[in-house]
Amino acid sequence: MHILKQLMKKVIHIPNYMLFITSILLVLLSSILIVFIERDSFPTIFDGFWWVMTTVTTVGYGDLYPETVGGRLLALFLYVFGIGLIGVVIGKIIDSLAIYRKKRQEGDIMYKGKGHYIIIGWSQKAKFAIKEMLATHQDIDVIIIDQLEKAPMLDSNIFYIKGNPSEKEPLEKANIKEAKSVLIFADDKITEGQLADGKTLLIASTITEMAPEVHTIVEVMVENHIKNFKYLQIDEFIISNETISSLFVRSAFRNGMSSIFGQLLRRSQGDDLFYVPVKSSWNTYKDAFDDLLKQGATLVSDRDHLNINRMLDETIPDNAELFVICDKPTYQKIIRG
C-alpha cells in the first residue's frame with residue numbers, strides 16, 4: 001500500500017496530456033489484449049472495450065468476465081493500476097472544470113473568439129444593453145470588462161474580464177482586435193459629468209490605439225465634451241443626460257412621444273428599426289421605398305439621413321445603409337426575399 005500510495009503521488013504530478021495519452025493507450029491495449037487472450041469470452045474488440053471501461057470505472061456489470069488465468073491477471077492489473085489511473089484522470093477533469101469556472105467568475109480568462117461584443121463599465125444600463133443585444137441576436141458572445149471582484153453576469157455566451165479598461169492587458173484578454181463592436185458606458189459612480197467623460201476619454205484612447213478598426217460607441221454625459229474626442233476614431237456617441245432630458249420635454253409637450261421612441265429602441269413588441277441591404281434592382285431611393293412599402297415596411301433613412309422623402313429621385317450610393325420600420329416577421333420576409 002505504501003508503494004501504491006507513493007506511485008499515485010507521482011502520477012498526480014504527471015502532466016495532464018501524458019495522463020490522457022496513457023489512459024487512452026491503457027484502455028485500447030487492454031481491449032485488444034483481452035480479445036487476444038480470451039477469444040471465446042470476448043469475440044469482438046468492442047466487447048473487450050466494454051469490459052475494460054466497466055472495469056476501470058468500477059461499474060462492473062458482470063455480463064462479461066475473463067475465465068482464463070491470463071485474462072484474470074489482466075483484470076487484476078486493471079483493478080490496481082487502471083482504476084487508479086482513470087480515477088486520477090477523472091479528478092483532473094473535474095478540477096480543471098472547477099478552476100475554469102472560478103476563473104470565469106473572477107474575470108481571469110482569455111477570450112479567443114471573434115466577432116464578439118465588448119461592454120466596458122458595468123451598470124444597470126449595461127445590463128439592459130446585454131438583454132437587448134441577446135434579444136436581437138441570441139448567438140452572439142458578449143464580454144464585460146470592469147473592476148468588480150466577481151462577474152456581475154455569466155452565461156454560456158456572456159464572459160467577464162476583470163481589469164482597468166484604460167490599460168491594455170484586459171483589452172488584450174478580451175481579444176479586442178477581433179471584436180465586432182465596443183460599447184463604453186460612462187461610470188455611474190462618478191457624479192461629475194466632466195470627470196466621468198474624462199475617464200471615458202482615457203478608455204477610448206486606449207481602445208482606438210489598440211484596435212482603431214473596431215466599431216466603437218461611447219456614452220458621453222455632456223454634449224460639449226464630444227469635441228475632446230475628435231482626434232479619436234470614435235464611430236458613434238450616445239449623449240446620456242441630454243437624450244433623457246430631451247425625451248422628457250418632448251413627452252411633456254406631446255402625449256405619447258416616449259412610447260414612440262421606446263418602441264423603436266426596444267424589440268419587445270410592435271414595429272422596430274431594422275437595417276436592410278440594398279438590392280441590385282433598386283436604382284433610386286424611390287425604387288427601394290416603393291418595393292419595401294409593398295412588403296409592409298417603411299424606408300426611413302440612409303445612415304443618419306432622415307430626409308428620404310426629399311431624396312426619392314436620387315441614386316442610391318454604393319455605401320448606402322438603409323433602415324426601415326416594420327415588424328419582425330416582415331423584416332425576416334424582406335431578408336429572405
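1. Axes here are lines fitted to C-alpha atoms, for helices over the stretch in contact, and angles run from 0 to 180 degrees between N-to-C directions. Helices (H or I, at least four residues) and strands (E, at least two) are DSSP runs, numbered from the N terminus.

2. Before going on, a word on the source: this is a predicted model, in which local features need pLDDT of at least 70 and side-chain atom pairs count only at pLDDT 80 or more, while totals for chains, interfaces and linings use all residues. Residues are numbered from 1 along each chain as its sequence is written, and side-chain values use heavy atoms, with hydrogens and water left out.

3. Which residues of α2 meet α3? They are V27, S30, S31, I34 and V35, and their partners in α3 are I45, G48, F49, W51, V52 and M53; contact means heavy atoms within 4.5 Å. By class, the contact of α2 with α3 holds eight nonpolar, three polar and no charged residues. Ala, Val, Leu, Ile, Met, Phe, Trp, Tyr, Cys and Pro count as nonpolar, Asp, Glu, Lys and Arg as charged, and the others, Gly among them, as polar.

4. Next, look at helix α3 (residues 45-56) against helix α4 (residues 69-106): their axes come within 8 Å and cross at roughly 50 degrees. That makes α3 oblique to α4. The crossing of α3 past α4 is right-handed. From α3, the residues W51, V52, T55 and V56 take part, meeting G71, L74, A75, L78, Y79, G82, I83 and I86 in α4. This contact of α3 with α4 has nine nonpolar, three polar and no charged residues.

5. Helix α4 also meets helix α2 (residues 16-37), where the axes come within 10 Å and cross at roughly 155 degrees. α2 and α4 are therefore roughly antiparallel to each other. Here α2 passes α4 in a left-handed crossing. Residues of α2 in this contact include N16, L19, F20 and I37, while those of α4 include G70, F77, K92 and I93. The residues of the contact of α2 with α4 divide into 14 nonpolar, seven polar and one charged.

6. Now to the sheets. Six strands form an open sheet with parallel pairing, in the order β3-β2-β1-β4-β5-β6; two strands pair if DSSP finds at least two bridges between them. β3 (158-162) and β6 (236-239) stand at the edges, each with a single partner strand, so one side of each is left without a neighbour in the sheet. Neighbouring strands are turned by 20 degrees against each other on average, direction ignored.

7. Within that sheet, four bridges join strand β5 (residues 215-220) to β6, and these two run parallel. I217 stands opposite E236 in β6. Helix α7 (residues 193-210) lies across β1 (117-120), β4 (181-184) and β5, running at about 170 degrees to β5.

8. An open sheet of three strands has the order β7-β9-β8, with antiparallel pairing. Its edge strands are β7 (272-276) and β8 (298-302), each pairing on one side only. The twist averages 35 degrees from one strand to the next. Five bridges join β7 to strand β9 (residues 322-326), which run antiparallel, and D272 has C326 in β9 as its bridge partner.

9. Which strands does helix α10 (residues 285-294) touch? It packs on the sheet against β7, β8 and β9, and its direction makes about 145 degrees with that of β8. Helix α11 (residues 328-336) lies across β7 and β9, running at about 5 degrees to β7.

10. Finally, the aromatic rings: a search of the whole structure finds six pairs. Rings of Phe, Tyr and Trp (its six-membered ring) pair if their centres lie within 6.5 Å, and planes under 30 degrees apart count as stacked, over 60 as edge-to-face and the rest as tilted. The rings of F274 and Y331 have their centres 4.3 Å apart and their planes at 10 degrees, so the pair is stacked. This pair links distant parts of the chain, with F274 in strand β7 and Y331 in helix α11, 57 residues apart.

Conventions
Angles under 35 degrees count as roughly parallel, over 145 as roughly antiparallel, 65 to 115 as roughly perpendicular and the rest as oblique. A crossing is left-handed if the near helix is turned anticlockwise from the far one by less than a right angle, and right-handed if clockwise.
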